[in-house]
Amino acid sequence: MSRLQAKKPSLCKTEPLTSERVRSTLSVLKGIIASCYGPSGRLKQLHNGLGGCVCTTSQSSALLRNLSVTHPILKVLTASVQNHVSCFSDSGLFTAILCCNLIENTQRLGLEPTTVIKLNKYLLSVCTSYLKSEACSCRIPVDFSNTHTLLGLVHTILTSKPACMLTRNELDHIGALVLKAFLLTVPESVEDQIILGKSIIVPLKGQRVIDSTVLPGLLIEMSEVQVRRLLPTQKSSALKVALFCVSLSGDFSNSGEGTVVVPYQVSLENAVLEQLLNLGRQLVGDHVDLVLCQKVIHPSLKQFLSEHHIIAIDRVGVALMEPLSKVTGATPVGSLNTLVPTAYGSVKNLCSARFGSKHFFHLIPNEGAVCSLLLCSRNDSAWEELKLTCQTAMHVLHLTIKEPWVLLGGGCTETHLAAYVRYKVHNEAEDVVRDDGCSQAELHIAAEAFCSALESVAGSLEHDGGDILIDTKYGHFWSCPADSASFINWTDVLSRCGCGLYNSQEDLSWSFLRSAYHPFAPQTCLPQAVVDTASNLTIDCFTTKLSGLQVAVETANLILDLSYVVEDKN
């Protein structure tokens, strides 16, 4: 009783965003995240002071997972971004930077939070309506009859992750493999609803990246001894498969918390073994060729199956059960009772394969949309980053099937959107004021803060002190070396815009991005001929970018609306 302490009262803080400590902490978080943004983003090394693995990354998923934040406001922000990344895989840094920019800019306005929140919602609706409209000139339709746009989308994701440490040839090779793996997961016959297959990433560390490859079907890692012992004989027809998710070891791990009553002079082990052998006899009688088990198979059952020329592979693990079910068409069996014929599946063939020092069984499907991406890299850190990047790219490709659009990348969508919002607010201020009940001055101030936040996201792509400009025809993002203002002719120092769609030889005029310029109407309705003739475009996934924009504004509004923070210190 002497060690019991009285419960401490909860700590209540009012107007948390007015605290200088909170503002400085938010600024530090923004600086960390913004410095990772884009192809030339700076890498971060994260490690626990008590030991453990060191994570080298510039990806939001790895960064926020390993970054420790303590203030409730920062926890809300990071949790919101992490939730977005868990659903869409990409645009996490964009979301976090934009959210931080909106909060910081709003703090300098001097307007009531309720007014800013209402206007932010209106400005968000302007952006989303424009991005979804046919008039949007930073949205490109995806043509699935050729791979140009899809490959450009994969390349953009790969080049934005410098911790993968890929050369140009390696980047092209991995990009082609990721696209091939994606196409192998698309079923050949499509009914009312498309059900995509699965791509399994198989690690092969210490090998050259260029040795990576994609194989249809599934690779199951085995020892060299097992491969030689279980190497099957050639069979002209398909192999019949039984798939078990229950242990076939004869143990009682699934007996629950009940009491097992064993009659006198009855050997429990022999009874269970007899049950397993009865199961084996049924498999032999049903002419099964291959038995796959998530857990362990009893040695006696293995021997029995081997004597009847049935290949038995155990310890495949829970991660492979769903892909195995897709590849074979078999239903995982969860009991030792009599098997029904509909539970069986089949594969076209089973062969051995060797890559580097590893040996595999290769299950070749009849028509299942499952493939294995054998991913090689020089070291563990680069492999982990490359694996995460490939998973992101494949998820983004899957999302593109649902919404077949991409947005121009390289900062051009953000600057174009900011120019469009400025022009729309400048010309329709009276209508907005009449509907929302705010003054024109409040609308213009909030719109400027909103557009500045978008432009600052684009500006975060420049990490070497270069000058950032926007052209006054298309509203695209341009970057040039520092101290270029001494040049009279911008065409001498500018090459192409951030997305690569336009070059500086066109009839364009430029303005510094963070300088005051008169609102202009950026050209809308992007001509398809311009897109068809452009090569090596930097593009982003439409779905992830749009969701990131919505999450950033909604999270910023939530944080701006906080009046109290109550912390339990017990």
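In which helix does Thr-400 lie? Thr-400 lies in helix 12 (residues 380–402); helices (H or I, at least four residues) are DSSP runs numbered from the N terminus. The structure is a predicted model, in which local features need pLDDT of at least 70, side-chain atom pairs count only at pLDDT 80 or more, and totals for chains, interfaces and linings use all residues. Residues are numbered from 1 along each chain as its sequence is written, and side-chain values use heavy atoms, with hydrogens and water left out.

With 1% relative accessibility, Thr-400 counts as buried (under 20% relative accessible area, 1.4 Å probe, protein chains only). Leaving aside residues up to four places away in sequence, Thr-400 touches Val-142, Phe-144, Leu-150, Leu-153, Trp-405 and Cys-541, where contact means heavy atoms within 4.5 Å.

The axes of helix 1 (residues 20–34) and helix 3 (residues 72–88) come within 10 Å and cross at roughly 30 degrees; axes are lines fitted to C-alpha atoms over the stretch in contact, and angles run from 0 to 180 degrees between N-to-C directions. The two helices are therefore roughly parallel to each other (angles under 35 degrees). Val-22, Thr-25, Leu-26 and Leu-29 of helix 1 make the contact with Ile-73, Leu-74, Leu-77 and Thr-78 of helix 3.

Confidence is expressed as pLDDT, from 0 to 100 for each residue. The mean for the protein chain is 86, and 92% of its residues reach 70 or more.

| Element | Residues | Mean pLDDT |
|---|---|---|
| Helix 15 | 528–533 | 63 (lowest) |
| Helix 16 | 542–560 | 96 (highest) |

Where pLDDT is low, predicted coordinates should not be read in detail.

Key. Parallel < 35°, antiparallel > 145°, perpendicular 65-115°, else oblique. pLDDT = per-residue confidence, 0-100. Buried < 20%, exposed > 50% of the residue type's maximum accessible area, 1.4 Å probe, protein only.
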